Amino acid sequence: MIPELGHFALILALCMAVIQSFFPIAGAARGNVAWMSLARPAARAQLVFLLIAFGALAHAFLVNDFSVVYVARNSNSLLPMIYRISAVWGAHEGSLLLWVVILGLWTVAVTIFSEPLPEQFVARVLGVMGLISTGFLLFMLLTSNPFLRDAFPPADGADLNPLLQDPGLIIHPPMLYTGYVGFSVAFGFAIAALLGGRLDMAWARWSRPWTVMAWVFLTIGIALGSWWAYYELGWGGWWFWDPVENASFMPWLTGTALIHSLAATEKRGVFKNWTVLLAICAFSLSLLGTFMVRSGVLTSVHAFANDPARGIFILILLGIVIGGSLILYAWRAPGTLISSSYGLFSREMFLLVNSTLLTVAMGAVLLGTIYPLIIETLGGKVSVGAPYFNSVFIPLMAPLVIVLGIGAWSRWKADEWNRLWQHLRFAVFGSIIIGILLAAMLSGPGALRTALGVALACWIILSTTTLFYSRMHSGPDLIKTLKTQPRGFYGMCLAHIGFAVTIIGLVVTSNYSTDLHKRMKPGDKAELAGYTFELAEIRTIPGPNYQATEALFRISRSGKHVTELHTQKRTYSVRGMPMTEAGIGPGLTRDLYVSLGEPLGDGDWSVRLYYKPFVRWLWLGALLMASGGLLAVTDRRYRQVRLQATDPQEVIDGGAAIKS
Amino acid sequence: MNRYLVPLAVFVVLVVLFRIGLEHDPHLVPSPLVDKPAPVFTLPDLRNTSASINLSALRGQAFLLNVWASWCVECRNEQPVLMELAQKRKVPIYGLNYKDNRAEAIQWLDHYGDPYVKSAFDQSGRVGIDFGVYGVPETFVVDREGIIRYKHIGPVTPEVVNDILLPLLSKLEHPST
């Protein structure tokens, strides 16, 4: 009964989505206020029905209703309670439902926080978001319904994929989807602006907090995914350039470019067309990611069940949403007025270089991801691996880092080389000296690369801290200056430092990680990177839905005890799938990582030991970037938007611009 | 207006690519490991618990490495082909028993035939990951230097043996011709 209610709620949600998309957009075009005013209630009602559907599916998991096909395939009566909840989005159908629910949440957030914006504009934004929701709900109901019943239900379920039975996977997909789907708001704003012919600075100011918020979620989501891969896949890797990872990384790169380009559009009214194109691209790439993961067009370690019928459906959906918006762009963008000019040596220019480099990097990742497809179409076969991405992507990041340091210091409109040099020479020499010292001190094949990478990171840190210092001393009273600086400034500094921290983690751990593959039995010792790993004992432990063999390692350094690590080899009873739970000793400057391999007979086991310096910095940096974004979103300026926008003059201006 | 059409043009090309891509089976993409050294492994022998199989010890002769599992349905169709190939004694076939249960795997070999000189027991699939396995069965041709020369995904058929594997193997054995 309850699954049928969920199914019914999903159909009602579709009806609401249709109302939410048709009437407001048509109303905005014909100036019909009553039709436009349907947008908000329809969006809210849609969310209510979506939540009912989601609750119904969660209920089916909680009570082990194996007559629902989706539940039977992805759960089991022995599955712990917490994973029954996360199993709701553990496979294709349920994760689509999560996708739509999150879209509903963002839409309702827009209905709440957009009160002061012109009615016509809000109607268009909500209408566009409703169209997207309509497409996805149709997709779900026609090809991927999670509520389908089986007339002959199995006695027990097939269990959730053991890879997904992990605390990291409970929050990773919701975070990632919140980021992905969040770009739909920036997309909605962009389309509404194009439809209304109102591509102005106010539009940029309204989109900015939404875009940054989506970017914050996406940053956390990607970092969580990388962290999960690191400890759960059991071989210490943290990024694989897998199509699914690329699918989340491309919107992130475009979103980063968009945030920076929006800053220039909001402050100076420049690059309007470029910014609006980036907004369309960021969301289009999110949709493209959804398509690539679910259609089976590319292979990947974490691909969902593939079905060509679904592939065609999403492709048509993509064609309508992305193709339609790009046609609108080609039609409307040429008429945009350029309202201000800027010098060759100005903050505008540096921001433009920044967003261009990020977009080129995104293009490189896109090309690498679909290259196998291109070659296949021409009749050949090829697969692209990490070497391509590393050799193309990393050289693009170096100029980006250099421009970042200069851009943050530069002034709008026009700046002088002399002034910048006065301020930046300390950071220039400081980072070069650090680089040379490191190159002299370090040894090994990666020494030069590490020195270069760390020097670039130091360049960011030094230029950001000197900027921060000089701002703090710009007024007579330090406390007062600290208070009057906008939060956006603090956010920028924090996010840039976070980027530097991630770079340090990336170069050090890629160049100085060492590992050892050994045959060991209890009592054996092994040496790695100055640490002694002793295999103390091996024992068997039963789990709720698996059997585990656990190895205990005692780790010491020059005779002193450092830590104890447990690593498990689990066999999940239902799927018979073996899984390795790595034992990780985390530290700020190094991780010690052990994973238990196969029994080799005679009480011997194959064992992998890893030493991973600075690997935590990767995720620490991402966390700092996300915190910087959060700080920027809470900037006073965006709260003032409401006051300014309710200024009658602006509303009149807005109305006039829409009519023209 | 022309330059504003560029994004649309790029997108149209992408859609055409994806449309064609949907028709193809992505599993046919070859391994990036072809012409690279085979990942070195030491795994327990499937039938002999106390012995282990070391890939580097197999150098000096070209061989086939067949990834199989008792839970793999396609492997049943492949087994007679491999048995026939083994009887020709042209090339040693080694097995990589992937993510399997030891007792069931041995029983399966006794029932469907054992063409392998030895089978390595990769219970966790860790070695399979090193080899980039994403579907069972898969067959690798490794030359005498330990370099992977070819990867076949899916069951080996008599056509594959006669048209691809045997010609390739005879070329590897007599590199001058």
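User: Which residue is the bridge partner of Gly583(A) in strand 8 of chain A?

Analyst: Start with the rule. Strands are DSSP runs of E with at least two residues, and helices are runs of H or I with at least four, both numbered from the N terminus. Two strands pair if DSSP finds at least two bridges between them. Here, Gly583(A) has Val594(A) as its bridge partner in strand 8 of chain A. Strand 7 and strand 8 (residues 590-601) of chain A pair in the antiparallel sense over three bridges. This is a predicted model: local features need pLDDT of at least 70, side-chain atom pairs count only at pLDDT 80 or more, and totals for chains, interfaces and linings use all residues. Residues are numbered from 1 along each chain as its sequence is written, while chains are lettered from A and ligands numbered from 1 in the order in which they are written.

User: What is the strand order of the open sheet in chain A that has four strands?

Analyst: The order is 1-9-8-7, with antiparallel pairing. Strand 1 (514-520) and strand 7 (583-585) of chain A are the edge strands, each pairing on one side only. From one strand to the next, the twist averages 20°. Angles run from 0 to 180 degrees between N-to-C directions, and axes are lines fitted to C-alpha atoms, for helices over the stretch in contact.

User: How many bridges join strand 1 of chain A to strand 9 of chain A?

Analyst: Seven, and the two strands run antiparallel. One pair to find is Asp515(A), which stands opposite Tyr610(A) in strand 9 of chain A. Strand 9 of chain A also pairs with strand 8 of chain A, antiparallel, over nine bridges. There, Asp591(A) stands opposite Lys612(A). Two residues lie between the strands in the hairpin of strand 8 and strand 9 of chain A, and Asp602(A) takes a positive phi near 55°.

User: Why is strand 9 of chain A largely enclosed by the rest of the structure?

Analyst: Count neighbours. A residue is buried if 20 or more other C-beta atoms lie within 10 Å of its own, exposed if 12 or fewer, and partly exposed in between, with C-beta atoms placed from the backbone. In strand 9 (residues 604-613) of chain A, eight of the 10 residues are buried, so the strand is largely enclosed.

User: How do I read a helix pair?

Analyst: Two packed helices are described by the angle between their axes and the distance between the axes. Take helix 1 (residues 2-30) and helix 7 (residues 119-143) of chain A: their axes come within 7 Å and cross at roughly 145°. The residues of this contact divide into 16 nonpolar, eight polar and one charged. Nonpolar covers Ala, Val, Leu, Ile, Met, Phe, Trp, Tyr, Cys and Pro; charged covers Asp, Glu, Lys and Arg; the others, Gly among them, are polar.

User: Which elements make up chain B?

Analyst: Chain B has five helices and seven strands. From the N terminus on, they run α-β-β-β-α-β-α-β-α-β-β-α. Buried residues make up 41% of the 177 residues in chain B.

User: What is the strand order of the sheet in chain B with five strands?

Analyst: The order is 5-4-3-6-7, in an open sheet with mixed pairing. Strand 5 (119-122) and strand 7 (148-153) of chain B stand at the edges with a single partner strand each, so one side of each has no neighbour in the sheet. Neighbouring strands are turned by 20° against each other on average, direction ignored. Strand 6 (residues 138-142) and strand 7 of chain B pair in the antiparallel sense over five bridges. Glu138(B) stands opposite Ile153(B) in strand 7 of chain B. Helix 5 (residues 158-173) of chain B lies across strand 6 and strand 7 of chain B, at about 170° to strand 7.

Key:
Two residues are in contact if their C-beta atoms, placed from the backbone, lie within 7 Å.
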